[in-house]
Structures are given as C-alpha cells and as structure tokens.
Amino acid sequence: MKKVFERPKSLKDTPSHFCPGCHSGLIHRLVAEAIDYFKIQERTIGVASVGCSVFLYNYLDVDVIEAPHGRAPAVCTGIKRVRKQNIVFTIQGDGDLAAIGTSEIIHTANRGENITVIFINNAVYGMTGGQMAPTTLLGQRTTTSPYGRDVQQEGYPVRMVELLSGLEGSAFIARAAVNKPANLMKAKKLIRRAFEMQINNMGFSMVEVLSACPTNWGLKPLEANRRVEEEMIPCFPLGVFKEKIQGSEDSRG
Amino acid sequence: MLKKVFIKGNEAIARAAVDAGCRYYFGYPITPQSDIPEYLSKVLPKLGGEFIQAESEIASINMLMGASAAGARSMTSSSGPGISLKQEGLSYMAGSELPGVVVNVARCGPGLGGIAPSQAEYFQATKGGGHGDYRLIVLAPESGQEMYDLTFKAFDLADKYRNPAMILADGMLGQMKEPVLLQPPRKMDLPDKDWVLSGAKGRPQNIIKSLYLGDKELERHTWQLWEKYQRMKKEDVMFEAREIKDARLIIAAFGSCARIAKSTLRQARAEGLKVGLIRPITLFPFPEEIFRQASIDTKMFLTIEMNTGQMVEDVRLSVSPGTVVYFYGRPPGAGSLPSPDEILREIKKVYEPSSE
C-alpha cells in the first residue's frame, strides 16, 4: 500500500505546546517539509526567536540556537558568515520581527544576507498574553488596546513584506496564509521557494505567514480562521512581492 | 619571526586578534576605538575572514553570538555607550555559555560623557552589566604590549571557560603609540568545541540556549556557571605586585592608573617612603588572595582610580581585618588624568613615618 501522509523526517514526534487552533504548528511542519524536500536536515541551523516560537528546537530536529528578542537576523548573519555551506533560517513572530527587531531585519535584508526568515504574523503578542503588536489590525482589541487599535493613538499596522520588498538586498519576499487548504498549499510552495533561494545563494528570503491566535483573539479556531480570511488578508495581501531571477543582473546566484 | 613595531594600543589589539586566529569581527564606529574596525576591515577579508560594520552595537554583539555558536573565534569592540548596548547580548552569551571577545576602549559617562580615558566601567564590566547572575572574564591592560598579550589571552580564556571575555582598556591605552613585540604567547590546551552548531550530521542536534523553565533547571544552570567562576578564581587570576614585601603603604590600581602610579612608586621610594603596588590584571577573577596576604603585614592601602570609587570596594572586601583602605579618584573627563605628583601628595597625606 502506498503511504500518502507521514511526519516529515526533520519534524520531531513530540506533543505540541501550541494552543488549539494556533497556526504555528502547521508552519513548523511546512518548514520541516521544505528541509526534507531539499535533503538539508544535516546542514540546517535554526535560530529560535523570543515568544511562542522559542521552542523551535523541540519541534525541528536540527541544530538550534536561541537569539535575544528581535535579534535573530543578526545571529543568523553571524552563523551564515562563518558557515556558508550551511542553511540558516529563523522563525520570528510579529513583535520580534516588526517591533523590537525592526532594525535587525531591515539591515539583514539590505545586506542581502543569504538566510531565510519565516515571519509568523498573528497580529498580537502571543506568549505575553495578547498585547497589541505592530501588526495589530485597526480596531482590533488587545489587552493593551482595550478600546481597539486607534490610528490616532497607535498608528497603522506595519506591512513588513511591502517594506522589505523595496530593499535591493531582498531576493525573495512573499506573504502566505494557512487558514484553509488552498492557502496552505501555496504557503508550502513559497516556503520551499524561500529555502531554494538560499540554497542557490540568491540572498535574503522571507515568507510572512498570516497566523491565527484563537487564545488571544478570544475566538474559536474556526472563527479565527475566518478572521484571517476576512480581516487579515485584506490588510496584508497574499502573494510574491519580490523575486530575483537566477542569473539576472541583480542576482548573486 | 619576532617583530617589534611601534603602534597604537588599538592596533595592538587588532593584531593580537588576528594572531589568535580570530577571523570574524562585527562592530560599529565609536571613538576612541575605531582604529580596531578600520584595521580589521583591511586585514580580515584577505585572510578569508569576514568584517561586518553592523547597523548597531546590538546587532554586532548578536552577530558575534552567531559566529561564536558556529564555532569561530570572533570579536567585537566598542566604547562606553556602545558597550552599554551590548549588555543584552553579553548576558545571553554568558547564559548560553558562548565564548567571544569584547573590547571596551572606555570613554566617559554617564550618558554621552566625553572621550577622555575612563575607568568608570569597572562595575559594569566586573559585576555583570546585563541581566542575570553572571560574570565576564575581564582583563585590564596597562600598555601597548599588554593590549596585544591580553587580547591573545582573552581568546584562550573565553574558549577555556565558554564565557565571554572583555578587554577593559581606555582611550589613553588605545590611542597611545608604543613599541609592541608581536610574539603570540603559547596557546592554552583547550577543550574540543563539541557543542558547536554545524549541522546535525551523524550526531544528535546541538542546542544552544539560555531559557530554562523546568523545575529547578535554572538554579542548577546558574550554580554551574558559578562553579566556572570559582574555577577562574583558582586557575586564572593575574596581577602584578611591586615592592610589597617591606611596604608600609600599598597602592592598588589597574590599567592606565597603575601605569601612572608606577611613576609615583619610583618617586616615593627615592624619597625613602616604603610604598608598594598591586595591579590587578584580571579584574574578574579579582586577585583577592594577594590582597589578603599582603595586608597581613601592610595595614595601609590606597586605591587610585579614574572614577569616584569602584574597584576600591573589591579591595576592601579582599584585605585582612584591621586594614585601612584609602581612596583617591578623579572622575574621568578632559583634563582629569591624575599625575604622579598628585598621587604622591595623596600618599603623603596618610603615610606617617614608622615608629620603629
């Protein structure tokens, strides 16, 4: 009988600490599938960021280091410059990447560091208990925007994909979602493509994945999936925003 | 081949790093240490290494953390305000047990302060600096030659203990040109780096982390770090003692201040004053034992610092009961360098001829 579904080799067989309905587990799996697809498990180094994403080493069976809050792209840079043959990636959340680590992500992308960033955007600080994030939607209630995010007070949600696409060092920048099977299949391709970019020495690659946080949104998992569709995607449109072509003038590959 | 060259202290540090096998440097411009990144930006790429001028001090210490985790000898350097920004990364490196060398060519604070030589970062360097219960290995050179020798040593000690090591110098030592013999000291026997992130090929995954949430896990980890610091105190204390055997008064000073106090020592002895000097070279581990021993007979100490009193606390904690520890300090800033005559005057204020 043909086996049609199994756990990726680089994904550990372990209970998850993620809340029911959280998309992080799906995204970890997609990363593991990409690692297996390219057969790079033995040369991949992961950098864990701060937040729900910190336990990367519990899920992916690769070498891992924990970075300080927001600094994962700088830590990735140090590793990659020493070990150019290794595949270096990080999974960062929105507080980590788009607030405290804004400087690091921008300059890492601008230098065209040959690393891969998976950016989980769930519009909220998950691990600290649901505070407002830089990507919190207008009107969205959080524990620190109890009356809803107000433009006058807190400004607009930050669109990191659009921001980083404008930098010449960026090789591949895309946004995906995993709230329904069709989106998940697209996300899988984009994450795979991001790793492929690094394997081909093309420079900085990042995929933002819109993610549900039912616990901190105060929604049931299915309702949270609907919110991704109805509220997040209109604010954070999906697609490929930047893709350097191998062999082209602006490519290093 | 041995080579004696006439170079700035900053260049001596940069050259020592290269001779010690450091091929990765991450930094950010700040006076008075910019000669270090300038030199290494020329040299490292030619040696197959990497030089990155980072977007911030924060990024540079985290790049250092990554390079160190990848197994490479690597360094960053800065001065006062920049070293403050690196404290987060230093705390993570100490907690994650990662080696690495950080150079502080100190300038004045608090705030923007000034660019004159300062010793006001003694507390920050030796007592933790960042969050959590940890220590750095802190080496305090007093000359161009020691800028070279101790930088080399810092790489060895960092690797020996899997702990960040700091060179605590200042603008005077960094900018002054002196003859330096470029003779790499003998390298220590160092443990294999089996913890390095290189890809989990033919072995289980390596994890480098500082988060310990399990019951009593963090306490256990912190005691392990503590044991390492105790081992440093046993095995790697360095100091210089001059004319302390018959001394009635012993000067305690480190770095530039000790250099100045050595002139005072000569003057004092020429005038018949029985003065000695203890110069801690490792500020952590602090040379507690020599202070304890020396103060069994010598009951008068005078600590001289370019600050309002920091190392003096460690001197007071180290000396035997019944010892009086005086302090003379000049807060750092333009025109605030103490002179040998000035120190001699301070000695004479407390020194009385022996009654024998």
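**Close-up views of a predicted two-chain model**

**View 1. Ala98(A) lies in helix α4 (residues 94-100) of chain A.** Helices (H or I, at least four residues) and strands (E, at least two) are DSSP runs, numbered from the N terminus. The model is predicted: local features need pLDDT of at least 70, side-chain atom pairs count only at pLDDT 80 or more, and totals for chains, interfaces and linings use all residues. Residues are numbered from 1 along each chain as its sequence is written, while chains are lettered from A and ligands numbered from 1 in the order in which they are written. Ala98(A) counts as buried because it has 23 C-beta neighbours inside 10 Å; a residue is buried if 20 or more other C-beta atoms lie within 10 Å of its own, exposed if 12 or fewer, and partly exposed in between, with C-beta atoms placed from the backbone. Apart from neighbours within four places in sequence, Ala98(A) is in contact with Pro134(A), Thr135(A), Val158(A) and Met160(A), where contact requires C-beta atoms, placed from the backbone, within 7 Å. Val158(A) is 60 residues away along the chain, with 7.2 Å between its C-alpha atom and that of Ala98(A).

**View 2. Helix α3 (residues 72-82) of chain A packs on helix α5 (residues 102-111) of chain A.** The angle is about 40 degrees and the axes are 7 Å apart. α3(A) is therefore oblique to α5(A). Axes are lines fitted to C-alpha atoms, for helices over the stretch in contact, and angles run from 0 to 180 degrees between N-to-C directions. Angles under 35 degrees count as roughly parallel, over 145 as roughly antiparallel, 65 to 115 as roughly perpendicular and the rest as oblique. Pro73(A), Ala74(A) and Thr77(A) of α3(A) meet Glu104(A), Ile105(A) and Thr108(A) of α5(A) in this contact. In α3(A), eleven of its eleven residues are buried. The buried residues of α5(A) are Glu104(A), Ile105(A), His107(A), Thr108(A) and Ala109(A). They pack against several elements, including α4 of chain A and α3 (57-69) of chain B. Gly112(A), with a positive phi near 70 degrees, follows α5(A).

**View 3. An open sheet of eight strands with mixed pairing contains strands of chain A and β9(B).** The strand order is β9(A)-β7(A)-β8(A)-β4(A)-β3(A)-β1(A)-β2(A)-β9(B); two strands pair if DSSP finds at least two bridges between them. β9 (239-243) of chain A and β9 (207-208) of chain B are at the edges, each with a single partner strand, so one side of each has no neighbour in the sheet. Strand β2 (residues 63-66) of chain A runs parallel to β9(B), joined by two bridges, and Ile65(A) has Ile208(B) as its bridge partner. Helix α1 (residues 24-37) of chain A runs at about 165 degrees to β4(A), and helix α8 (residues 181-199) of chain A runs at about 165 degrees to β7(A).

**View 4. Seven strands of chain B form an open sheet with mixed pairing.** The order is β3-β2-β4-β5-β7-β6-β13. The twist averages 20 degrees from one strand to the next. Strand β2 (residues 24-27) of chain B pairs with β3(B) in the parallel sense over four bridges, and Gln53(B) is the bridge partner of Gly27(B). At the other pairing shown, strand β6 (residues 137-139) of chain B and β13(B) are antiparallel, with two bridges; Leu139(B) has Thr282(B) as its bridge partner.

Methods. Contact = placed C-beta atoms within 7 Å.
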